[in-house]
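Colleague: Can you take me through this model? I would like the overall picture, then some local detail.

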Amino acid sequence: MKLGHYTNTQGLLGIIQSKTLRATNIKFLNDEHEFIHALELIRRLITDIDPSRAAPHEMIFNEFREKIISKVTLLDQATSESIFTLSFSQKTDLLSQWRGYCPNNDGYCLEIDTDKIKISALAKFDECHFFQCIYDNEKKKDQLRNILNKYWLQYRDGNDTQKGTAVEDLRREILLLASHFKHPAFEEESEHRVVIFLNFMPDTNVKFRQGRFSIIPFIEIDIEHADITKIIIGPTIRKDLAERGLRCFLETTLELPYPMIPITIEKSEIPYRS
């Protein structure tokens, strides 16, 4: 599948020169409320479950529910998690994406063969997942109910060790759900995500970069130049100059004349506004 990855000039130069993509720690995404939104939705759904529906196991269910709510609260309060995500969009020329990821008319969208990225990520990291983000709250509730039912039965019928395992496994499932549950307001983005769990922290794969407000942890996923099929130049007052510079950069970096470079360059159809 070919999907778009939005970035600014600095990001584009880094991707092409280093042949890597950066997956960011989930607590440091552009929208810092994404992960919290997902956890809050999950916590609210669990809290609202009527324990009488678990009769005649109401006491055990209340115990199960309190443990899960406690786990979700701890996830919310944690300063960092061993979860890293890399975002793509089905839409490669979307105004809201240009505004969000490429401010000041400084943006590019790289169309990438994400099947190759999946293979690359799995070769480097033990636990990788690939999701299409879910925006519809009813679909979120359905998925959460399914995993709650699954682990509630394990908890209800298990011994102490099995109960502990069920709670911990459910915590992991909740983390996975939260990693790709997004607020309905962002549905037009049609986002897909690579989600990577690091089993041990600290991990030597983790690197750091400067952000607007903090140091940002990230990990790198290898990418080949051939995995990039197209680059769309975002809205800018001098698209002709932007294209000329991009062509020169690709020729020099890939050491090929532009006609031989298998990366198409296109310009955004969205008009520039100062």
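Modeller: Accessible areas here come from the Shrake-Rupley method with a 1.4 Å probe, and for residues only the protein chains shown count as cover. With that, the accessible surface of the protein is about 14,700 Å², and carbon and sulfur atoms hold 50% of that area. This is a predicted model, where local features need pLDDT of at least 70 and side-chain atom pairs count only at pLDDT 80 or more, while totals for chains, interfaces and linings use all residues. Residues are numbered from 1 along each chain as its sequence is written, and side-chain values use heavy atoms, with hydrogens and water left out.

Colleague: What percentage of the residues count as buried?

Modeller: Of 274 residues, 47% do. Buried means under 20% relative accessible area, exposed means over 50%, and partly exposed lies in between (1.4 Å probe, protein chains only).

Colleague: How many helices and strands?

Modeller: The protein has 8 helices and 10 strands. These are DSSP runs numbered from the N terminus: helices are H or I with at least four residues, strands E with at least two.

Colleague: Which strand does strand 1 pair with in the antiparallel sense?

Modeller: Strand 4, residues 108–113, over 6 bridges. Two strands pair if DSSP finds at least two bridges between them. Thr-7 stands opposite Tyr-108 of strand 4.

Colleague: Changing topic, what volume does the second largest pocket have?

Modeller: About 460 Å³. Among its 19 lining residues, Ile-49, Arg-53, Phe-61, Leu-148 and Asn-149 are the closest to the centre. A pocket is an open set of points on a 1 Å grid over the protein atoms alone, where a 1.4 Å probe fits, with protein on both sides within 12 Å along at least five of seven lines; lining residues have an atom within 4 Å of a point. The volume is the space filled by probe spheres set on the points, which are joined across faces, edges and corners.

Colleague: Which helix gives the most to the lining?

Modeller: Helix 6, with 7 residues. Helix 2 (34–47), helix 3 (58–77) and helix 6 (137–157) each supply at least two.

Colleague: And where is Ile-49 found?

Modeller: In the loop between helix 2 and helix 3. Ile-49 counts as partly exposed because its relative accessibility is 28%.

Colleague: What is Ile-49 in contact with?

Modeller: Leaving aside neighbours within four places in sequence, Ile-49 is in contact with Phe-61, Arg-65 and Leu-148. Contact means heavy atoms within 4.5 Å.
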